[in-house]
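Dear colleague,

Please find below the structure that I promised to hand over. My notes on what was found in it follow directly after.

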Amino acid sequence: MSTTNGGPAEAPQPQLSVLAQYIKDLSFENPNAPRSLMPGQQPQINIQINVDANPLSETDIEVALRLEGRAEHESNVMFAFELTFAGVFRVQNVPQESLQAIVLIECPRLLFPFAREIVATIVRNGGFPPLLLDPFDFVALYRQKMEQMQANPAMA
């Protein structure tokens, strides 16, 4: 601890800033239209979510939230989408042992509402009712990744 004017100097506060957010990749397929648009079909919907991080500088990190979805009815694809929604985050004054959790939990948590809205819009524009994704537990995804890395250190 250092002192200024006779008193203790405060340690710099941790900071997380969003510098940019953007669609990195977007795809929507409606392969069986117009048959797939007939009312009364209740699809089985499968959603996959993943998070990747790529350091850009000492303080700036690109975090990409990947969402993939597929709706099927009687083994016919009604629609499928892939979205990579990314952001550039500046992370400062965060202890090294907390950095990975901040990047893989808090950053995607900030991106998710925007990605959710994009998915709802593209599904609606594809002729279906908007797909409103449920809130996602990024803490559980982070824990799962950590367990996989501990079980297979070559993945790290």
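R70 is partly exposed, with a relative accessible area of 40%, where buried means under 20% relative accessible area, exposed means over 50%, and partly exposed lies in between (1.4 Å probe, protein chains only). Before going further, please keep in mind that this is a predicted model, in which local features need pLDDT of at least 70 and side-chain atom pairs count only at pLDDT 80 or more, while totals for chains, interfaces and linings use all residues. Residues are numbered from 1 along each chain as its sequence is written, and side-chain values use heavy atoms, with hydrogens and water left out.

The side chain of R70 meets that of E72 in a salt bridge, at 3.1 Å from N to O, the term standing for a side-chain nitrogen of Lys or Arg within 4 Å of a carboxyl oxygen of Asp or Glu. E72 is likewise partly exposed, its relative accessible area being 30%. As background, side chains of opposite charge can pair when their charged atoms come close.

E106 forms a salt bridge with R109, with 3.0 Å between the closest N and O atoms, and both residues lie in helix α1, three residues apart, which is about one turn of the helix. E106 counts as partly exposed at 29% relative accessibility, as does R109 at 38%.

Turning to the chain as a whole, there are two helices and six strands, these being DSSP runs numbered from the N terminus (helices H or I, at least four residues; strands E, at least two). Along the sequence they follow the pattern β-β-β-β-β-β-α-α. The C-alpha atoms fill a box of roughly 75 × 35 × 25 Å, taken along the principal axes. Of the 156 residues, 31% count as buried. Residues 24 or more positions apart account for 68% of the contacts with a separation of 6 or more, a contact meaning heavy atoms within 4.5 Å.

Which residues does L131 touch, once its neighbours within four places in sequence are left aside? L131 is in contact with I45, I47, F79, F81, V119, A120 and V123, and its own place is in the loop between α1 (96-125) and α2 (138-151). L131 counts as buried, with a relative accessible area of 13%. P31 and L131 are 100 residues apart in sequence, and their C-alpha atoms are 18 Å apart in space.

The other residue, T84, is found in strand β6 (residues 76-92) and is buried as well, with a relative accessible area of 15%.
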